[in-house]
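I opened this structure today and went through it piece by piece. These are my notes, in the order I looked things up.

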Amino acid sequence: MTAAATIPDPVRTETRDGVLRIVLDRPRRGNALTPDLLEACLAALDTAADARAVIVTGAGRAFSSGGDVGEFHARAGNRKALLDYAERIVGTLNRVILRLRDMPCPVIAAVNGPVTGGSIGLALAADMIVMAQSAFIQPYYARMGFAPDGGWTALMPERIGRARTARWLALDERIDAETALAIGLADRVVDTDGLETAVSDMLVRIAPLDATLAATARRLLDKQVAGPDIAGRLDNERREFLDRIAREDTIGRMNAFLAGAT
């Protein structure tokens, strides 16, 4: 039996057999992150108290293209409006990441396509990442002049190491799914058509297990990490993002990026 939750666009949700599926649903914009989309994710997660697993994925060809550059650029002529928008989107993204990390059950990121910018946080917050063969990951921060957000510095080093993360960000490299698997970022790579089957296989393996162990393991692992907690590290990203977003050079890079996209 399937029950659809009443969650505002641009997110679709479905609960089936105790599994909550959250689908980013702005396919024409590459599922780009906006405050409304992220707030819809929070609303969806509010319905997951009794879920035995949560799946996060994207509609269409992309997982998510990260923050919508057009939305930032539209406010570039008004510093306060730009900073307010940046505060809202990065702050809300951080809340989504922390909420995913606090889920009392396993979280699976089904990465169906490209992931750029801060949207990586929706995968980094998950316990397991399954990637389609056609997917890739690229930071885009050095290209845009933005500061890394979405856990690029708060969570990524724990998965792949500090030096590799720093090099990736500095060079703005695009890595494919097989490379993500090789460096320990992805847990499994499958043909795009096999993504649903791979997620179903994981759910079958989870079914007889204690779902609450995932949350316990996360808490214990987080306590072993030196330095600020994850919330503090994400807040460092937020503050640095706000510091850079309204710079003249950053706005110039947005202009160039959007001009090249038209």
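The entries below run from the whole chain down to single residues.

**Whole chain.** First reminder to myself: this is a predicted model. I counted up the secondary structure and got 12 helices and 10 strands. The radius of gyration is 18 Å, close to the 18 Å the globule rule gives for 262 residues, so I can call the protein as compact as a globular protein of that length. Along the principal axes, the C-alpha trace spans about 55 × 40 × 30 Å. Buried residues come to 51% of the 262. For contacts with a separation of 6 or more, 73% are between residues 24 or more positions apart.

Next I went inside. Nonpolar side chains tend to be buried together in soluble globular proteins. Here the largest nonpolar core has 72 residues, and Val 54, Phe 72, Val 111, Leu 122, Met 131, Ile 137 and Leu 185 touch the most other members. Which helix gives the most to this core? I found that H3 (residues 79-101) does, with nine residues. Apart from that core lies another one of 14 residues, including Val 19, Ile 55, Ala 110 and Leu 203.

**Ile 137 and its sheet.** Leaving out residues up to four places away in sequence, its contacts include Val 115, Met 131, Trp 152, Trp 168 and Leu 185. Glu 173 and Arg 174 are also among the residues Ile 137 touches. Val 115 turns up again as the bridge partner of Ile 137, which sits in S8. S8 (residues 136-138) pairs with S6 in the parallel sense, over two bridges. Both belong to an open sheet of three strands in the order S6-S8-S9, with mixed pairing. S6 (115-116) and S9 (175-176) are the edge strands with a single partner each, so one side of each has no neighbour in the sheet.

**Helix H11.** I checked the length of this helix, residues 230-245. At 1.5 Å a residue, its 16 residues should span 22 Å, and the end C-alpha atoms are 22 Å apart, which agrees. The buried residues I noted in H11 are Ile 230, Arg 233, Leu 234, Glu 237, Arg 238, Phe 241, Leu 242 and Ile 245.

**Thr 165.** This one is in helix H7 (residues 162-171). Is Thr 165 buried or exposed? Its relative accessible area is 2%, so I put Thr 165 down as buried. Beyond its neighbours within four places in sequence, Thr 165 is in contact with Trp 152, Met 156, Pro 157 and Ile 160.

**Pro 104.** I found Pro 104 in the loop between H3 and S5 (107-111). It is partly exposed, at 34% relative accessible area.

**Positive phi.** Asp 17 has a positive phi of about 50°, and Asn 31 has one near 55°. Asp 17 is in the loop between S2 (11-16) and S3 (19-24), while Asn 31 is in the loop between S3 and H1 (35-45). Asp 17 counts as exposed at 57% relative accessibility, whereas Asn 31 is buried at 0%.

Definitions and conventions:
Residues are numbered from 1 along each chain as its sequence is written. This is a predicted model: local features need pLDDT of at least 70, side-chain atom pairs count only at pLDDT 80 or more; totals for chains, interfaces and linings use all residues. Side-chain values use heavy atoms; hydrogens and water are left out. Helices (H or I, at least four residues) and strands (E, at least two) are DSSP runs, numbered from the N terminus. The expected span of a helix is 1.5 Å times one less than its number of residues. Buried means under 20% relative accessible area, exposed over 50%, partly exposed in between (1.4 Å probe, protein chains only). Two strands pair if DSSP finds at least two bridges between them. The radius of gyration is taken over C-alpha atoms; the globule rule is 2.2 Å times the number of residues to the power 0.38. Contact means heavy atoms within 4.5 Å. A nonpolar core is a set of buried Ala, Val, Leu, Ile, Met, Phe, Trp, Tyr and Cys residues joined through side-chain atoms within 4.5 Å.
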